[in-house]
Amino acid sequence: MKKSQLIYQYIREQGAVSKQDIVIGLGLSLPTITQNLNNLAELGLIDTSKKISNTGGRNATAYSYVEKARYAVGLYLNRHHINCVAVDLSGNVISLIKVRENFDLNDDNYLRKIGETVEEVKKDTGLPDDRFLGVGIAVQGLISDDGERVTYGLTLNFTGVTRADIAKYIPYHNRLFHDSAAAGYAEVWDRNDLDDAFYLSLSNSVGGAVIVANKIFEGERRKSGEIGHMTIIPKAGDRCYCGQRGCFDTVCRANVLAEYADGDLEKFFELLETKDLGARRHWNRYLEYLSIGIHNIRMLYDTKIVIGGYVGAYIEKYMEDLCTRVDARDSFKEKSERYLVPSKYKKEPTGVGAAIHMIDEFFEII
Ligand SMILES: [Zn+2]
């Protein structure tokens, strides 16, 4: 890490610090620190307007970090919505817009709508253009290493499409991301207790991401964590969009529940709360299959498992039930409440993750 990055991250983690604190904390020389602090202040990344009161001597300048010194936008393009967020340097969502629009890359109006939504979110932040870092675009597909091409997009039938096609009306720096990897990254970013984890995304498709040492483990062909196609019901299960039967996706995607409530997941959970028998039956079956999936993941990775996606946003209340079912399968008498974690970002984790990648990119060039 460059010295400027070290100093910047130190201030970011510690809050307001004096120059002397940095000397002690990082063991760098005073002239080096002074020069880098001047550079960071010039970039508007740190605030020097406050003082730390010293006992005895005169008050020292407090160097603190400016959350909104830069921001990035994250898009999540899924089957029925364009979800767009703006995120500051702390990962806080500072603007969020959801537009109901069917995914159709052949329709120029759709592409235009994507561009307009980005503009709207940008405007909504009220921040000047020179603070804007770019747009991370998350899609329901696997992406090439350079973020330029969709290498597998069977769910929405857009394999082979390029970033330039999708971002036709986004005149800013941008790149593509795989949706579950983006959402998983949002969960572990800036969290010291989740260096290694499996992120399980229960949205309109089931996906996942393997996180090792705070980074997404991509695998040989970037298919690592594609848990949606793990077999849960051999032979007798429903046909998956991949062509096989009984995939995890067919029993644990959010629609399995939402379909019971006219496609409305929120309504499903309301019904469940009113002790609706049908909802209860669906939920029991869902949790049973989910516990199989979770058990398998735990056996493979032996890490914390974050339950995210649309269903993950509701799971907190039902953790006890879920843990009991997972524990019943456990071979080592382990307690799953110790390793099962509901997701932190209830709102739009995928868009947030895509934006955070753009922020990380910036941290690397400071
Ligand atoms: Zn499948």
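**View 1. Trp 283 and its aromatic partner Tyr 318 in the predicted model.** Trp 283 is buried, its relative accessible area being 0%, and the coordinates shown here and in the other views belong to a predicted model. The rings of Trp 283 and Tyr 318 form an edge-to-face aromatic pair, with 5.1 Å from centre to centre and 70° between the planes. This pair links distant parts of the chain, since Trp 283 belongs to helix α10 (residues 277-301) whereas Tyr 318 sits in the loop between α11 (309-312) and α12 (319-329), 35 residues apart. Tyr 318 has a relative accessibility of 10% and therefore counts as buried, the cut-off for that class being under 20%.

**View 2. The aromatic cluster that includes Trp 283 and Tyr 318.** One cluster is formed by Tyr 260, Phe 268, Phe 269, Trp 283, Tyr 286, Tyr 314 and Tyr 318, and a search of the whole structure finds 16 aromatic pairs. Phe 268 and Phe 269 make an edge-to-face pair, with ring centres 5.4 Å apart and an angle of 90° between the planes. Phe 268 is buried at a relative accessible area of 0%, and Phe 269, at 5% relative accessibility, also counts as buried.

View 3. Helix α10 comprises 25 residues and spans 36 Å from its first C-alpha to its last, close to the 36 Å expected at 1.5 Å a residue. At the start of α10, a side-chain oxygen of Asp 276 comes to within 3.1 Å of the backbone nitrogen of Gly 278, while just after the helix Asp 302 adopts a positive phi of about 55°. The buried residues of α10 include Trp 283, Tyr 286, Leu 287, Leu 290, Ile 294, Ile 297 and Arg 298. An α-helix has 3.6 residues a turn, so residues three or four places apart point the same way.

**View 4. Arg 298 and the ring of Tyr 339.** Arg 298, which is among the buried residues of α10, lies over the face of Tyr 339 at 3.8 Å from the ring centre.

Definitions and conventions:
Residues are numbered from 1 along each chain as its sequence is written. This is a predicted model: local features need pLDDT of at least 70, side-chain atom pairs count only at pLDDT 80 or more; totals for chains, interfaces and linings use all residues. Side-chain values use heavy atoms; hydrogens and water are left out. Rings of Phe, Tyr and Trp (its six-membered ring) pair if their centres lie within 6.5 Å; planes under 30 degrees apart count as stacked, over 60 as edge-to-face and the rest as tilted. Buried means under 20% relative accessible area, exposed over 50%, partly exposed in between (1.4 Å probe, protein chains only). Helices (H or I, at least four residues) and strands (E, at least two) are DSSP runs, numbered from the N terminus. A charge sits over a ring if NZ of Lys or CZ of Arg is within 6 Å of the ring centre and within 35 degrees of the ring normal. The expected span of a helix is 1.5 Å times one less than its number of residues. A polar contact is a pair of N or O atoms within 3.5 Å; within protein, one must be able to donate a hydrogen and the other to accept it, and residues adjacent in sequence count only if both atoms are side-chain atoms.
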